[in-house]
Amino acid sequence: QVQLVESGGGLVQAGGSLRVSCAASGRTFGSYAMGWFRQAPGKEREFVAAISWSGGITYYADSVKGRFTISRDNAKNTVYLQMNRLKPEDTAVYYCAGGIRSDAGRRPRDYGYWGQGTQVTVSS
């Protein structure tokens, strides 16, 4: 069974940083894109960041561009999201997404596997 397990979430003060990790098992994602989405209470799930199979191409939502960095370590079958200069509006459950294609995508339909989600809370 394919599993994507996130870690590193938590509570941080505005302006601080967190790095969340997503370790995959049951499927090798080295040939596929990976992504991060988030969902705040009362809001729809939104795209945050994506990375191509090789890590050479990345995409970011405008709301996080310049503050967040997505990266991957295919040897560890793991994807990371470094979050800097966090804002209260970044508070959400962050979901790791495993792709079904090599190209990075911005839509949930571009991904076939999902993590359980990890809570990131940014206090004001």
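This is a predicted model: local features need pLDDT of at least 70, side-chain atom pairs count only at pLDDT 80 or more; totals for chains, interfaces and linings use all residues.
Cys22 is buried, at a relative accessible area of 0%. Cys96 is likewise buried, with a value of 0%.

**The disulfide**

These two cysteines form a disulfide in which the sulfur atoms are 2.1 Å apart. That separation counts as a disulfide because the cut-off is a sulfur pair within 2.5 Å. By this rule the count comes to 1 disulfide. Since Cys22 belongs to strand β3 (residues 18-25) and Cys96 to strand β9 (residues 92-99), the pair ties together parts that are 74 residues apart in sequence. The torsion about the S-S bond of Cys22 and Cys96 is about -80°, so the disulfide is left-handed. A disulfide is a covalent bond between the sulfur atoms of two cysteines.

**Strand β4 and its partners**

Strand β9, which holds Cys96, also pairs with strand β4. Strand β4 spans residues 34-39 and is mostly covered, with 5 of its 6 residues buried. The pairings of strand β4 are set out below.

| Pairing | Sense | Bridges | Residue pair |
|---|---|---|---|
| β4 with β5 (residues 46-51) | antiparallel | 5 bridges | Trp36 and Ala49 |

Conventions. Residues are numbered from 1 along each chain as its sequence is written. Side-chain values use heavy atoms; hydrogens and water are left out. Helices (H or I, at least four residues) and strands (E, at least two) are DSSP runs, numbered from the N terminus. Buried means under 20% relative accessible area, exposed over 50%, partly exposed in between (1.4 Å probe, protein chains only). Two strands pair if DSSP finds at least two bridges between them.
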